[in-house]
Amino acid sequence: MTVVKAENVIKDYGLNDQVIHALRGVNLEFQAGEFAAIAGPSGSGKSTFLHLAGCIDNLTAGSILVGGKDTGKMNRTQLAILRRQSIGFIFQAYNLIPVLSVEENISFPLTLLGIDKKEIRERTNQVLKEVGLDGMAKRRPKEMSGGQQQRVAIARALVKKPALILADEPTANLDSKIGREILELMLALNKSAGTTFIFSTHDTMVMDFARRLIRIRDGQIESDEIKG
Amino acid sequence: MNNEQLGIENKYKQGGTATLIKIAYRNIWRNKRRTIFCFAAVGVAVFFIVVYSSMIEGMIKSINDTVQIYELGHVRVVSSTFEAEKEYLPVQYPVADGASWRELAASISNIPGVRHVFPRITTFASLQESTIKHAILWGINIADEMAANNFNLTDRSDGLIEGRWPAPGGNEIAIGRVFAHKSGMTIGDEIFLRTTSAHFSDRFWSPMITGIFSFDYIKIDEQYIIADFERLQRLLALGEGTQSLVIFADDEKQSASITAAVQNLLGNDNVVTEWSDNYWVAVMRMVMPLYTIIFLIFLIVASFLIINTVVMIIHERIKEIGMMGCLGMTRNEIVKVFFFESIFMAAFGAFAGVIVGGIVAGIFSEYPIRMGDLYGNTFAEMPMSQSIFLAFNFFILIRAWIMGVVVASLFTLIPSIKSAFVEPVEALRR
């Protein structure tokens with residue numbers, strides 16, 4: 001089943017009266033359960049693609065279908081609801097809500113979905129165990145290490161059982177040991193839950209973990225390699 | 001395309017508000033100092049609203065009391081000719097052409113809602129052998145009036161501070177505390193005065209001072225000489241008539257219906273005036289809406305601090321806004337977080353203002369403010385006690401709190417809406 005389908009995607013930015021061509025006719029398709037990395041140097045367009053796939057940015061031309069739905073035909077609210085229901089985000093800077101505890105951060109996407117409290121509690125506890133944060137539920141993000149915060153971010157992305165998780169350089173702020181642990185965790189979750197992960201990265205370790213490696217340069221796909 | 005066509009569920013409508021409120025509440029404590037400044041801005045404005053509202057309502061009550069007790073009762077009847085020359089306090093134009101006041105009072109007493117009907121005479125007197133040359137003679141049925149009214153506005157007593165009230169029909173008077181102080185007269189002294197009767201003839205009278213009163217109403221305490229009504233009626237050759245009748249109702253709200261009934265009873269040769277038609281009462285009725293506008297301006301000025309704070313918060317938390325967008329929060333939900341935060345700041349600030357203002361109003365509702373000491377004779381022309389008790393009631397407190405919360409919240413809605421226009425992708429790039 002196709003989770004994301006990008007057809008001839010073009011994205012231009014205006015910057016100081018200049019037009020920056022961030023993506024120049026990108027065609028990509030991601031199937032359910034993929035663990036893919038988009039790699040490339042800074043400014044290559046990898047994060048831009050992730051933002052478009054995550055429906056937080058607008059296309060200049062082309063189309064992106066998420067779960068078969070054409071995001072170009074949706075209004076802001078519909079895009080927000082699509083993100084809420086189907087897409088999880090993991091950021092380089094974790095981006096947790098500092099005033100909420102670990103369990104509140106994790107359960108927040110579920111409360112937005114209007115799921116009942118009992119189910120929220122059960123799913124939150126289960127995800128906490130899966131990411132190895134059992135016993136840290138009441139802590140605030142500032143009381144945790146970077147690696148632990150990233151685990152919370154993964155749990156938050158995962159708890160609503162999205163079709164797609166987009167991770168923008170998730171290991172960039174972590175040392176290599178912790179980075180590896182995080183990647184192993186995500187890979188395990190990918191295998192157990194079948195959730196599609198798409199990373200943007202220039203970290204070789206992430207590229208090694210990825211089961212599919214897409215290289216992008218100057219807004220164009222340079223290579224698309226599926227590893228054995 | 002609608003959500004259904006896209007296969008998107010509408011669950012987003014169901015949940016999250018409680019969590020948004022929780023986030024907003026906790027957010028206000030992220031920068032305590034800034035939050036406390038916001039509390040203080042709204043709190044100070046609300047404090048002034050509470051105190052000034054209490055003071056104005058206290059003044060209004062004092063004016064209403066004074067007008068009702070000394071000037072008009074709830075309803076006053078005079079002849080139309082007296083009304084035309086009322087500045088001179090003429091006694092030659094009695095009510096109902098000099099008809100017996102007792103008969104008039106008996107008829108008026110039959111009107112539903114009438115509690116008391118009293119005759120009164122008020123006229124000028126020239127004083128001989130005194131440092132004070134002019135005074136106003138006030139003839140009232142002392143015992144009856146004292147039974148119906150608390151003449152002393154401050155202590156809610158009859159106001160006699162020395163001696164006794166003049167005996168019915170006696171050659172006696174009582175003078176005010178200020179009058180006694182200025183004239184140097186005291187109990188047992190005789191006053192030699194001249195006045196003009198209903199027949200335009202000079203009348204000389206030398207009553208003895210039996211009492212000194214203090215009503216805390218400067219006009220009466222300084223200028224009035226109280227005499228028994230019947231003694232003055234005889235002195236001024238009013239026969240059985242009276243210069244005016246004051247009517248007290250069971251409830252002041254019945255004044256209008258009593259006014260109409262009395263007017264109907266006595267005809268157009270008599271002027272029947274309702275207490276609320278008094279100039280100062282009418283002025284004070286207009287004052288409150290004006291003050292409400294001033295209070296709103298107070299709050300709007302105070303709100304600027306919260307507006308500024310919300311603008312700063314949005315700037316500081318731009319990445320969080322981006323992240324909220326990524327989590328799937330709609331524009332409305334993002335606005336709610338900041339709007340709830342503003343409401344919390346306004347509500348807590350207003351609550352602090354209400355508490356402090358309420359304490360001040362509560363204290364001064366028991367211990368009056370001496371307006372004379374504060375403002376000299378500024379308010380001497382107003383029919384008002386020299387001592388103002390601040391009004392203390394929950395309506396004032398709740399109104400001030402609601403005003404504070406509503407005004408501050410509405411004004412901070414504008415910067416809160418700004419947060420919704422932050423594009424998630426732009427926010428995340430910063």
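Figure 1. In chain B, 82% of the contacts with a separation of 6 or more join residues 24 or more positions apart. The model is predicted. Chain B holds 16 helices and 13 strands. Its C-alpha trace spans about 100 × 50 × 30 Å along the principal axes. The radius of gyration of chain B is 32 Å, whereas a compact globule of 430 residues would have a value near 22 Å. Buried residues account for 48% of the 430 residues of chain B.

**Figure 2. The two assigned domains of chain B.** Domain 1 of chain B covers 15-64 + 281-429, and domain 2 covers 91-242. Their C-alpha centres lie 51 Å apart. Seven residues from domain 1 of chain B and five residues from domain 2 of chain B take part in the contact between them. On the domain 1 side, two of these residues are nonpolar, five are polar and none is charged.

**Figure 3. The largest nonpolar core.** This core has 200 residues, and B:Val42 and B:Ile247 touch the most other members. Helix α3 (residues 32-72) of chain B supplies the largest share, 18 residues. Both domain 1 (15-64 + 281-429) and domain 2 (91-242) of chain B give residues to the core, so it lies between them. In soluble globular proteins, nonpolar side chains tend to be buried together.

**Figure 4. B:Ala237, a residue with positive phi.** Phi of B:Ala237 is near 55 degrees, although the residue is not a glycine. B:Ala237 sits in the loop between α9 (229-235) and β10 (244-249) of chain B. It has 15 C-beta neighbours inside 10 Å and counts as partly exposed.

**Figure 5. The fold of chain A.** Seven helices and ten strands make up the secondary structure of chain A. The radius of gyration of chain A is 17 Å, close to the 17 Å given by the globule rule for 228 residues, so chain A is as compact as a globular protein of that length. The C-alpha atoms of chain A fill a box of roughly 50 × 40 × 40 Å along the principal axes. Of the 228 residues in chain A, 49% are buried. Among contacts in chain A with a separation of 6 or more, 69% link residues 24 or more positions apart.

**Figure 6. A:Cys55, a buried loop residue.** A:Cys55 lies in the loop between α1 (46-53) and β4 (61-66) of chain A. Its phi is positive, about 60 degrees, and A:Cys55 is not a glycine. A:Cys55 is buried, with 28 other C-beta atoms within 10 Å.

Notes
Residues numbered from 1 in each chain as written. Chains lettered and ligands numbered in written order. Predicted model: local features only at pLDDT ≥ 70, side-chain atom pairs only at ≥ 80, totals over all residues. Helix = DSSP H or I, 4+ residues; strand = E, 2+ residues; numbered from the N terminus. Rg over C-alpha atoms; globule rule 2.2 N^0.38 Å. Buried ≥ 20, exposed ≤ 12 C-beta atoms within 10 Å, placed from the backbone. Contact = placed C-beta atoms within 7 Å. Domains from an automatic or database assignment. Nonpolar A, V, L, I, M, F, W, Y, C, P; charged D, E, K, R; others polar. Core = buried A, V, L, I, M, F, W, Y, C linked by C-beta atoms within 7 Å.
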